[in-house]
Amino acid sequence: MHIALDAQTFEHIETGISKATRRLYDACHMVAPDVIVSGLHHRPLLTPLADWIQPVTAGCAVPTAVWRNSVLPLMTLMLHPDVVHFPWNGRLPIWMPGVKIATTIFDVLPLSIPEFLKTEAERARFCRALQRDILRSDVIITCSEYSKTEIMRHFRVRSEPEVIHIGVTLDNVACSVAPAGAGGYFLYVGGYGKRKGVEGLVRVFLGLHRERLIRSRLVLTGDRSYYSEEFRALVRSGVDLGLVEELGYVSESALPGLYRNAIALVYPSKYEGFGLPPLEAMSVGCPVITTRCTAIPEVCGDAAYYIDPDDERDFGAALIALETNSQLRTELAARGARRVKLFSWGSAAQRFLDILSRLVQK
């Protein structure tokens, strides 16, 4: 089987989507080394493809929209693949030659997050574009039962989306051997988007320090895009007190050690199509504090300490419990180690290849 992969997502600094896509294809190569994959792109790749994927580059000087709608279809026409995979939440060209199309849609969260789409016109444009991509795809792949349900709730589909749970994207070899909590800090991993609940985390954390109920630090990683001056000032006050540390973007090689030495990962997000940081944390023995929102319980099962992110008392009690109770940390880490075994890249790759094989044979 020959797969043409839209590799434009790899033209950017590594994101959750590019990490998951890279790991999926690496596993595909292990499961079926005879599968041929061509990675189609037009700009230099900031996230490298695996050596076994054949890069195919053309149209480097043309604007992105022109490349997607004209050059990419022509590249596909010349390659004659069995199937084209668009892994980046749709973004299909206006025209494609007669070829099978598989599209990965990780989530449709913009339709659920309050004020993400500012106007009805913006919402209509989003729905119209994604609906077009869905109907032009021969199969839709998503990463959780929650996302599958939401896709089917908001859009007309040709057939039920196929769910492929993603696996851990970290290299566990880099993991520290120190016991959980050795670093004396709680860890947050992810961007500063409003839906992530970081502002509530910082507010609760600093409140507990004012009352002298905890002693730990808070380490924040991810893109520092402050969505309000109030949020920026709140974080700055924690930094000035020496209680909050902002690391910004952290390399994949450094993340396992950060997880392993943390008291717990605190992930108070309200909207997730999957929720990769809790899975990463569980894979290296880091206890998890998170919410029961959207797809997160599908990932964490019984292996997390769940909170209501809007209840500051409940939130604070969780931080106190994890800081002071080593037995609780050990139990959550053990549950996490069992839970993470359900998310195998080998299984994901086999399911992915089976779906594409059935599609090609139609």
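Modeller: Buried means under 20% relative accessible area, exposed means over 50%, and partly exposed lies in between, with a 1.4 Å probe and protein chains only. This is a predicted model, so local features need pLDDT of at least 70, side-chain atom pairs count only at pLDDT 80 or more, and totals for chains, interfaces and linings use all residues. Residues are numbered from 1 along each chain as its sequence is written, and side-chain values use heavy atoms, with hydrogens and water left out.

Colleague: Fine. Is Arg358 buried, partly exposed or exposed?
Modeller: Partly exposed, at 42% relative accessibility.

Colleague: And what does Arg358 form a salt bridge with?
Modeller: With Glu162. Their closest N and O atoms are 3.7 Å apart. Arg358 lies in helix H12 (residues 345–361) and Glu162 in strand E7 (residues 162–163), so the pair ties together parts that are 196 residues apart in sequence.

Colleague: What are the rules for a salt bridge, and for helices and strands?
Modeller: A salt bridge needs a side-chain nitrogen of Lys or Arg within 4 Å of a carboxyl oxygen of Asp or Glu. Helices (H or I, at least four residues) and strands (E, at least two) are DSSP runs, numbered from the N terminus.

Colleague: How many salt bridges does that rule give?
Modeller: The count is 18.

Colleague: Pick another. What does Glu331 pair with?
Modeller: Arg335, with 2.8 Å between the closest N and O atoms. Both sit in helix H11 (residues 326–339), four residues apart, so about one helical turn separates them. Glu331 is partly exposed at 36%. Arg335 is also partly exposed, at 29%.

Colleague: What about Asp133 and Arg132, how far apart are their closest N and O atoms?
Modeller: 2.9 Å, and the two form a salt bridge. Asp133 is buried, with 4% relative accessibility. Arg132 is partly exposed at 34%.

Colleague: Which residues are linked in a network of salt bridges?
Modeller: Arg22, Arg23 and Glu252 form one.

Colleague: New topic. How many disulfides are there?
Modeller: Zero, from a search of the whole structure. The test is a pair of cysteine sulfur atoms within 2.5 Å.

Colleague: Is Cys60 buried or exposed?
Modeller: Exposed, at 53%.

Colleague: Let's do helix packing. At what angle do H5 and H6 pack?
Modeller: About 40°, with the axes 10 Å apart. H5 covers residues 198–210 and H6 covers residues 229–240. Axes are lines fitted to C-alpha atoms, for helices over the stretch in contact, and angles run from 0 to 180 degrees between N-to-C directions.

Colleague: What do you call that arrangement?
Modeller: H5 and H6 are oblique to each other. Angles under 35 degrees count as roughly parallel, over 145 as roughly antiparallel, 65 to 115 as roughly perpendicular, and the rest as oblique.

Colleague: Which residues meet there?
Modeller: From H5, Val198, Glu199, Val202, Arg203 and Leu206. From H6, Phe231, Leu234, Val235, Ser237 and Gly238. Contact here means heavy atoms within 4.5 Å.

Colleague: Last one. Where is Leu111?
Modeller: In the loop between E5 and helix H3 (120–136). Leu111 is buried, at 9%. Not counting residues up to four places away in sequence, Leu111 touches Leu117, Arg123, Phe126, Cys127, His154 and Phe155.
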